[in-house]
Amino acid sequence: MSVTLFNTLTRTKETISGSPVKIYSCGPTVYNYAHIGNFRSYIFADILNRTLRLAGYPVLHAMNLTDVDDKTIKGAIELTQKNPGKYADLKEALHAYTAPYTEAFFADLKKLNIIPFDLHPRATDFIPAMLDLVERLIQAGIAYEQDGSVYYRIAEKKDYGKLSRVDLDKNKTGTRYNTDEYDKDDVRDFVLWKAEGKDGVHWHSDHGDGRPGWHLECSAMIHEIFKGPIDIHTGGVDLIFPHHENEIAQSEAAYGGEFVKHWAHCEHLLVDNRKMSKSAGNFFTLRDLLEQGKKPEVLRYFLLSAHYSQKINFTSDALDMAAASVDKFFSLMNRLGRTAKNQADVSPVLAAASEKARQNFLAELADDLNTPRALAVVHEYMREANAFIDTAKENLAAGDHTTILETLRFFDKLLGIIDLMPQAGVSAELQALLDERNQARAAKDFKRADALRDQLLKAGYKILDTKTGSHLEKV
Ligand code: AMP
Ligand code: ZN
């Protein structure tokens, strides 16, 4: 099935193509724990990835890690001040500073059951490619050096502003911006390579010691990884200007031709109608929420309940509603686990309704990732399935049981919550057997592991090994 997606560049919905579909998603700046506003944009990337796979597209997906920029450098300087003499230089301190946040980011991705991205380019591993990009821009007459820094002369790019449609009359031509972030009202030449003294975080270059500007990083990494134009580039709406505008300007001027076919941006997660952000101090990290007893599957469901192009307010009521829906889904899974199975004839009506629900679910997603409407299909199906089990008095034909289970699993290819489902109705004794079997397997004692598996089977449970661990399911 073809998937359509709104393209920020053309402001229209367009059909996605590509084999594989090459996607680059702007990832975290690893200067702190990511907050759940950030995770809205990573879950958006996950929804896109899962939808394309469900629709049959092969996907090659990269998400970068920004481990050198104004914020990470500030952190590295503070770390050295707190630990005088500990690090050989600031670059070493930079790695020491970003490493734990990088690790935490991967742990959070796993907790939220985000399908692992294929590639995670790290900015500091791509400095030669960034310097090559700077040289290309100088050769093309677009970049100029001043006091050891190199800037992009935006007046040289005739279509600068085509993505953000920024008001170029406000362009302060010839004046420069040295920081990585600035406002739409402040269109200026931006920094590609920043001069740094010997004491700063720096790499050697023909322009003296310095370090890359943030915008340069993504352009160079995309070129280095994909060796040509990509199909989709994602990020939050706050990245449209200046970050993505500058990526286009750099890549098109340096490498020629088209850079990105399709720009996809997700709206912000709000708190009290304001963007959740570190600077506003109104943020929650995933750890904060888990400590409060919130569940990752509920957060996933909550983020799917709004279309990515709409702002969404993070409130406890909205989370409660998501929790109720997740409960309904898990209850139906558990109910299925308890139903007796017999050899009675399967129901063609159920089979047809299930097939229709799958098709509708996919069609909603394929239409610009319409997750709220896809969730409505799930709800309707859960109602039908529960009614069917009521009518069958908890006594299903084995084929009908499979039909419902497979349909829920199909929905879960997007929802990604079954892996996070708590064990229901499993006694401590059975859980202990499962734990022992997992330990035996980890120790490569397969004979013991198999014996324990058989013991569990005799007790009426089969083992489901999933990415997030092993679960017991009633046979
Ligand atoms: P940063 O680490 O600040 O570079 O942000 C990483 C990603 O999170 C970017 O794609 C941002 O657009 C996105 N982002 C930041 N805050 C929010 C928010 N409140 N809602 C949705 N996405 C956000
Ligand atoms: Zn980026």
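Colleague: What angle and what axis distance do helix α10 and helix α11 pack at?

Modeller: Two packed helices are described by the angle between their axes and the distance between those axes. Here helix α10 (residues 348-366) packs against helix α11 (residues 371-391) at about 170°, and their axes are 8 Å apart. That makes α10 roughly antiparallel to α11, and their crossing is left-handed. Axes are lines fitted to C-alpha atoms, for helices over the stretch in contact, and angles run from 0 to 180 degrees between N-to-C directions. Under 35 degrees counts as roughly parallel, over 145 as roughly antiparallel, 65 to 115 as roughly perpendicular, and the rest as oblique. A crossing is left-handed if the near helix is turned anticlockwise from the far one by less than a right angle, and right-handed if clockwise. Helices are DSSP runs (H or I, at least four residues), as are strands (E, at least two), numbered from the N terminus.

Colleague: Before we go on, what sort of model is this?

Modeller: It's a predicted model, where local features need pLDDT of at least 70 and side-chain atom pairs count only at pLDDT 80 or more, while totals for chains, interfaces and linings use all residues. Residues are numbered from 1 along each chain as its sequence is written, chains are lettered from A and ligands numbered from 1 in the order in which they are written, and side-chain values use heavy atoms, with hydrogens and water left out.

Colleague: Back to the helices: which residues of α10 and α11 meet?

Modeller: On the α10 side, Leu350, Ala353, Ser354, Ala357, Asn360, Phe361, Glu364 and Leu365 meet Thr371, Arg373, Ala374, Val377, Val378, Tyr381, Glu384 and Phe388 of α11. Contact means heavy atoms within 4.5 Å. The contact of α10 with α11 divides into 10 nonpolar, three polar and three charged residues. For those classes, Ala, Val, Leu, Ile, Met, Phe, Trp, Tyr, Cys and Pro count as nonpolar, Asp, Glu, Lys and Arg as charged, and the others, Gly among them, as polar.

Colleague: And at what angle do α4 and α6 pack?

Modeller: Helix α4 (residues 127-139) and helix α6 (residues 240-255) pack at about 70°, with axes 9 Å apart. That makes α4 roughly perpendicular to α6. Leu133, Arg136 and Leu137 of α4 meet Gln250, Ala253, Ala254 and Tyr255 of α6, a contact with five nonpolar, one polar and one charged residues.

Colleague: Which residues lie closest to the centre of the largest pocket?

Modeller: That pocket has a volume of about 1000 Å³. Of the 44 residues lining the largest pocket, Glu181, Trp214, Asp238, Leu239 and Lys275 are the closest to its centre. The lining divides into 17 nonpolar, 16 polar and 11 charged residues.

Notes
1 Å grid on protein atoms, 1.4 Å probe; cavity = no way out; pocket = protein on both sides within 12 Å on 5 of 7 lines; lining within 4 Å. Points joined across faces, edges and corners; volume = space filled by probe spheres on them.
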